[in-house]
Amino acid sequence: MSNDMNGTIPKIDFAGIDPAAASPGDGDSRWATVRAAVMDALIEHGGFEAVMDDLVAPELRAAMLATGGAAESLFSLPPTTKARYTNEKPHLGYVSSSIPGMPYETFSIMDPLSPDVVPALAGLMWPDTGGDSSFCETMHAYTERVAVLEAMVRRMVLESVGATAEHVEEQSKATSLRLRISRYPAPGGAAAEGRVGLPAHRDTSFLSVLTQNDVDGLEVECGRGSGGWARPALSPCSFLILAGDMLKVLTNGRVYSPLHRVVISGEKTRYSCILFSNPKDDAVVRAVDGAVDAQHPAVYKAFGYAEYIAFCFTREQYRNPNKVEAFAAVGGVDG
Ligand SMILES: O=C(O)CCC(=O)C(=O)O
Ligand SMILES: [Fe+2]
């Protein structure tokens with residue numbers, strides 16, 4: 001697709017980190033080592049591949065993403081059925097791309113761990129059976145496991161910029177999760193070079209944790225835009241972590257929010273599953289106290305997340321790759 005595909009992003013092994021430990025604490029040297037690697041990767045590239053063998057059991061992963069799994073069963077429904085999953089917000093619910101040559105479809109599910117949310121989706125999709133219980137169980141179990149990794153990485157970042165345990169806790173309460181499941185049909189021989197499945201953009205989230213079936217496609221800019229593009233080949237036990245614009249704000253600009261895109265080639269349909277963490281709509285987003293000092297003056301003004309999202313969806317801003325700078329940079333746009 002691009003002539004600049006020579007980038008790489010770091011791979012970080014989470015072995016030895018116990019996600020069940022309520023309080024890994026500063027005395028835990030393995031935690032501190034992984035935390036330092038996470039922070040370096042997010043500062044340098046805004047993303048990394050997390051390898052965590054025991055986070056999601058192979059059967060659960062297959063039930064979600066393999067042939068016949070929850071993602072495939074959802075997208076196999078007739079278009080009129082899928083279209084029932086609507087939301088008044090433009091980025092939520094079921095969306096199919098209206099761009100010719102880009103037959104991408106996605107379900108964006110707000111608060112996927114709230115007990116009624118996935119059953120409500122299943123009830124709309126399979127009204128005759130009142131919702132499919134194995135679908136609901138798979139979606140819930142999968143999201144719960146990936147959320148453990150998301151919370152760990154967010155905590156590592158916050159600790160790295162001086163947040164106290166209370167602040168980490170407070171920040172968690174102001175965070176909501178969104179699950180996005182997407183399908184990118186195989187272009188087949190017609191697109192030997194690859195077809196853009198999703199144009200380059202930055203995520204508005206704190207963090208995005210991505211898994212996929214066995215079809216690669218995600219490309220990430222490296223080195224804060226100066227290191228070429230990487231196309232990580234994800235293994236079944238790896239998770240691609242990307243920082244979004246809101247994490248950049250929390251860390252007072254230290255963490256980078258990389259451009260990324262999806263480019264599809266080959267004969268096999270790609271399914272991806274992304275867990276996003278975002279500020280709640282009524283949250284005020286501002287840098288963590290410890291991230292602002294004499295050496296690091298505030299880069300962004302504090303702002304309401306709902307106002308920011310409304311700004312992102314205006315016609316003028318929709319394609320702007322530097323929305324957070326346009327909205328909240330101290331002293332105007334500074335890139
Ligand atoms: O589906 C993917 O691989 C990436 C999608 C993405 O970047 C997004 O939904 O924000
Ligand atoms: Fe994205």
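Student: Leaving aside neighbours within four places in sequence, which residues is Leu 121 in contact with?

Tutor: In this predicted model, Leu 121 is in contact with Leu 74, Tyr 85, Phe 107, Ile 109, Phe 135 and Met 139. Contact requires heavy atoms within 4.5 Å.

Student: How far apart are Leu 121 and Tyr 85, along the chain and between C-alpha atoms?

Tutor: They are 36 residues apart along the chain, and their C-alpha atoms are separated by 6.9 Å.

Student: Why is Leu 121 called buried?

Tutor: Leu 121 has a relative accessible area of 0%. The cut-off for buried is under 20%, so Leu 121 is buried. Leu 121 belongs to helix α5, residues 117–125.

Student: What makes a space in the structure a cavity and not a pocket?

Tutor: In a cavity a 1.4 Å probe fits but cannot get out, whereas a pocket is open. The search of the whole structure finds one cavity of 30 Å³ or more. The volume of the largest cavity is about 40 Å³.

Student: What lines the largest cavity?

Tutor: Its lining includes Met 102, Tyr 184, Arg 195 and Ile 264. Strand β6, residues 195–201, gives the most, with three residues.

Student: How do you know which residue of that lining is the charged one?

Tutor: The lining divides into seven nonpolar, one polar and one charged. Arg counts as charged and Arg 195 is in the lining, so Arg 195 is the charged residue.

Student: What is the volume of the largest pocket, and how many residues line it?

Tutor: The largest pocket has a volume of about 1200 Å³. Its lining has 44 residues, with Arg 180, Leu 198, His 201, Phe 313 and Tyr 318 nearest its centre.

Conventions
Residues numbered from 1 in each chain as written. Chains lettered and ligands numbered in written order. Predicted model: local features only at pLDDT ≥ 70, side-chain atom pairs only at ≥ 80, totals over all residues. Heavy atoms only, no water. 1 Å grid on protein atoms, 1.4 Å probe; cavity = no way out; pocket = protein on both sides within 12 Å on 5 of 7 lines; lining within 4 Å. Points joined across faces, edges and corners; volume = space filled by probe spheres on them. Helix = DSSP H or I, 4+ residues; strand = E, 2+ residues; numbered from the N terminus. Buried < 20%, exposed > 50% of the residue type's maximum accessible area, 1.4 Å probe, protein only.
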